[in-house]
Amino acid sequence: HPNVTIKRTREARRHKKTFEKSMNSRAGTKSSGLGACEWLLVLISLLFIIMTFPFSIWFCIKVVQEYERVIIFRLGHLLPGRAKGPGLFFFLPCLDTYHKVDLRLQTLEIPFHEIVTKDMFIMEIDAVCYYRMENASLLLSSLAHVSKAVQFLVQTTMKRLLAHRSLTEILLERKSIAQDAKVALDSVTCIWGIKVERIEIKDVRLPAGLQHSLAVEAEAQRQAKVRMIAAEGEKAASESLRMAAEILSGTPAAVQLRYLHTLQSLSTEKPSTVVLPLPFDLLNCLSSPSNRTQGSLPFPSPSKPVEPLNPKKKDSPML
């Protein structure tokens with residue numbers, strides 16, 4: 001939800017600012033609290049560098065690339081201020097140790113791990129996380145193994161988020177799930193000095209039994225759709241036949257024309273077929289009296305038989 005996302009982002013920023021203030025104050029306290037022995041070692045190292053200046057310059061200056069930052073520790077204390085770089089930076093060879101941090105985008109592949117969905121299905125998913133180092137000083141002071149920390153955090157976050165979603169939602173709404181996971185991860189990693197740019201669900205692996213069950217269910221749904229489509233086609237065909245029968249019953253000549261057209265199509269498509277047309281008069285005789293009156297063209301009724309002349313009957317005066 002947008003309101004939840006905004007709330008999480010604000011909380012993450014507030015936690016980040018609080019943590020940075022505490023780290024800066026801690027670093028400033030440590031740097032200002034150098035003992036007398038430590039200050040003496042620093043002065044001796046500077047004098048030695050000045051005495052061997054033409055040669056010592058090659059050991060006291062290093063180059064940092066554009067995509068790198070350097071964190072310097074002097075006698076175990078983190079030097080105050082932001083990270084050094086890019087360009088040249090100065091350090092004391094005997095007292096200082098430096099660590100380079102790559103600020104480019106890092107890719108971390110999350111291996112398959114089991115999760116339990118809302119509808120109690122057990123499945124395995126793997127993901128890809130893209131992150132970069134946002135604050136080098138905070139990162140080195142917070143984490144020892146960055147990749148492991150991010151990997152375990154992604155796995156636990158995905159388990160927690162996907163436990164509230166069903167199997168269908170996980171398969172269809174990967175984009176929204178990835179966005180929710182990014183917001184949840186960013187609210188934690190910002191305290192470590194890491195910025196999560198993107199996270200994607202790479203693959204979903206289902207057990208064999210669950211795959212078989214889903215395949216049977218999908219096949220049953222497809223068969224039901226096929227039957228419904230076939231039934232609708234039969235219904236439309238029956239309606240068309242009924243309308244055609246009503247039209248033919250109202251026009252007797254159309255029946256004869258349709259009959260002759262069928263005979264012609266049979267004779268042209270299959271020349272080797274012998275067609276013996278049935279006389280249409282015989283069809284009228286075989287039909288019912290009601291159909292004969294409404295059927296094809298009327299035929300002349302047979303004439304009445306002529307009565308034989310009765311020899312005993314007298315001739316008419318007209319004859």
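The accessible surface of the chain in this predicted model comes to about 22800 Å², and carbon and sulfur atoms contribute 62% of that area. Of the 319 residues in the chain, 26% are buried. The secondary structure comprises 11 helices and 8 strands. Among contacts with a separation of 6 or more, 67% are accounted for by residues 24 or more positions apart.

Three of the strands were examined as a sheet. An open sheet of 3 strands is formed in the order β3-β2-β5, and its pairing is antiparallel. The edge strands are β3 (77–78) and β5 (96–102), each of which pairs on one side only. Strand β2, spanning residues 68–74, runs antiparallel to β3 and is joined to β3 by 2 bridges. The bridge partner of Arg74 in β3 is His77.

Helix α5 was considered next. This helix covers residues 146–162, and its 17 residues should span 24 Å at 1.5 Å a residue; the end C-alpha atoms lie 24 Å apart, so the two values agree.

Notes:
Residues are numbered from 1 along each chain as its sequence is written. This is a predicted model: local features need pLDDT of at least 70, side-chain atom pairs count only at pLDDT 80 or more; totals for chains, interfaces and linings use all residues. Side-chain values use heavy atoms; hydrogens and water are left out. Helices (H or I, at least four residues) and strands (E, at least two) are DSSP runs, numbered from the N terminus. Buried means under 20% relative accessible area, exposed over 50%, partly exposed in between (1.4 Å probe, protein chains only). Contact means heavy atoms within 4.5 Å. Accessible areas come from the Shrake-Rupley method with a 1.4 Å probe; for residues, only the protein chains shown count as cover. Two strands pair if DSSP finds at least two bridges between them. The expected span of a helix is 1.5 Å times one less than its number of residues.
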